[in-house]
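Student: I would like to go through a structure with you, one topic at a time. Could you take my questions as they come?

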Amino acid sequence: MHGSPEARALHDLYPAIDLHADSLMWSRWVGYDLHARHDPPLPLAALGGHVDVPRMKEGGMGAQFFGLVSLPIGQRHGLARVIDEQIDALEGQISRAPHRIAKVRTAAEIEAARARGQVGALLGIEGGHALEGSLDKLAHFARRGVRYLGLCHFSRNELCYPAYGRGRKDDAGLTPFGREVVAACEALGVVVDLAHINRTGFLEACAMAKRPPIVSHTGVIGAFQHWRNVDDDQLRAIADKGGVVGVIFCPQFLGGDGLAPVVKHLKHIIDVCGEDTPALGSDWDGFIVPTRDLCDAARLPLLTDALLEAGMRPEAIGKILRGNAMRVLAEVP
């Protein structure tokens, strides 16, 4: 077991919610079993194998957002089918052991799963290209339980432009269809996720938002300068709408390995926006090598220990672990 008794007690009070892991991509590709306890592969736990139900429970986690990935490389059609197949993979795994994990959508459902001794599985799409230009597909995914939509990934799509990648255009904001999608998300109870989108589109989406948006997985420029990270104006734009920002666990974007850089990014968000904005956004299983102390879900209490050692109040840590994400889920019904 990882973490001090004090850290584990906090996880008992505030079972953690992580905003982004790509595990279902591996379930679809290679049959990755969420019910088996895996050892992180390779010396640095490269690329995948970071999340499963046994290690979520060991790490004091209450719920995991699973990112639904499709790669628009040389194709424009069939992307929505790839999303459906990942949802099918999750539902198939849940059917094998429904007493251990539940597909959930709301804050109330997360609490109900906790009372039953289950971990919660939530769904978020990574990249609006998966809609294939159709609001009907957004409604379809909402009916299947998708809880957030990342407007962009690493390429231009019908909605917007990436911060980095194919079709990058820094001065271009949301397309007319992108603005329709933001409004439709709010009507359907789908949270708008602004990870990966360029700064212009990010700020435009925040300006038009009537419900809290999120950034599911990112670093912050105030802690480390990198193209992948968001600046203080972007942090404030999210906070002003009641949203949250999940800090990624990838040293490349944190500016160093170990727990200290993760703490630095979380503390910077608090310094700029207050305690109601930071959250966890690991990007486990997302082709990243996680920081060495957080190479899988079982080790999450080590971060809680580092936050305690940095002098953070237990109540503020509870917001990072769970409270802020739960608030957004409650406010986007």
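Student: In which sense do β1 and strand β2 pair, and over how many bridges?

Tutor: This is a predicted model. In it, β1 and strand β2 (residues 61-69) pair in the parallel sense, over four bridges.

Student: Which residue stands opposite F66 in β2?

Tutor: That residue is A21.

Student: And how many residues of strand β1 are buried?

Tutor: Six of the six residues in strand β1 (residues 16-21) are buried, and the strand is mostly covered.

Student: Let us turn to Q86. Where is Q86 found, and is Q86 buried or exposed?

Tutor: Q86 is found in helix α4, which spans residues 79-96. Q86 counts as buried because its relative accessibility is 1%.

Student: What lies 3.2 Å from a polar atom of the side chain of Q86?

Tutor: The backbone oxygen of V82 lies at that distance from the polar side-chain atom of Q86.

Student: With which residues is Q86 in contact, leaving aside its neighbours within four places in sequence?

Tutor: Q86 is in contact with L24, M25, R28, G67, L68 and V69.

Student: New topic: salt bridges. How many does the structure hold?

Tutor: The structure holds 24 salt bridges. One of them joins D33 and R96, with the closest N and O atoms 3.2 Å apart. D33 lies in the loop between α2 (23-30) and α3 (53-58), while R96 is in helix α4, so the pair ties together parts that are 63 residues apart in sequence.

Student: Are D33 and R96 buried or exposed?

Tutor: D33 counts as partly exposed because its relative accessibility is 22%. R96 counts as exposed, with a relative accessibility of 52%.

Student: What about E111 and R114, where do both lie?

Tutor: E111 and R114 both lie in helix α5 (residues 107-115), three residues apart, about one turn of the helix. Their side chains meet in a salt bridge, at 3.6 Å from N to O. E111 is partly exposed, with a relative accessible area of 35%, and R114 also counts as partly exposed, at 35% relative accessibility.

Student: And which parts does the pair of D257 and R292 tie together?

Tutor: The side chains of D257 and R292 meet in a salt bridge, at 3.4 Å from N to O. D257 lies in the loop between α10 (251-254) and α11 (259-273), and R292 lies in the loop between β9 and α12, so this pair ties together parts that are 35 residues apart in sequence. D257 counts as partly exposed, at 35% relative accessibility.

Student: Which residues are linked in a network of salt bridges?

Tutor: D84, D88, E91, K103 and R144 are linked in such a network.

Student: Now the backbone. What is phi of H196, and what is phi of D285?

Tutor: Phi of H196 is near 80 degrees, a positive value in a residue other than glycine. Phi of D285 is near 65 degrees, likewise a positive value in a residue other than glycine.

Student: Where are H196 and D285 placed?

Tutor: H196 is in the loop between β6 (191-193) and α8 (199-208), and D285 lies in the loop between β9 (278-280) and α12 (300-309). H196 is buried, with a relative accessible area of 8%. D285 is buried as well, with a relative accessible area of 0%.

Student: Back to the surface, then. Which residues form a nonpolar patch there?

Tutor: F154, Y164 and W227 form the patch, and together they have about 300 Å² of accessible area. Y164 is placed in the loop between β5 (146-150) and α7 (176-188). Y164 counts as partly exposed because its relative accessibility is 43%.

Student: One last item: how many Å apart in space are E309 and Q93?

Tutor: E309 and Q93 are 38 Å apart in space, C-alpha to C-alpha, and 216 residues apart in sequence. E309 is found in helix α12 and counts as exposed, with a relative accessibility of 69%.

Note on methods. Residues numbered from 1 in each chain as written. Predicted model: local features only at pLDDT ≥ 70, side-chain atom pairs only at ≥ 80, totals over all residues. Heavy atoms only, no water. Patch = residues over 30% accessible without salt bridge, like charges linked within 9 Å, V, L, I, M, F, W, Y side chains within 5 Å. Areas by Shrake-Rupley, 256 points an atom, 1.4 Å probe, with all protein chains shown as cover. Salt bridge = Lys/Arg side-chain N within 4 Å of Asp/Glu carboxyl O. Helix = DSSP H or I, 4+ residues; strand = E, 2+ residues; numbered from the N terminus. Buried < 20%, exposed > 50% of the residue type's maximum accessible area, 1.4 Å probe, protein only. Pairing = 2+ DSSP bridges. Polar contact = N/O pair within 3.5 Å; in protein donor to acceptor, adjacent residues only side chain to side chain. Contact = heavy atoms within 4.5 Å.
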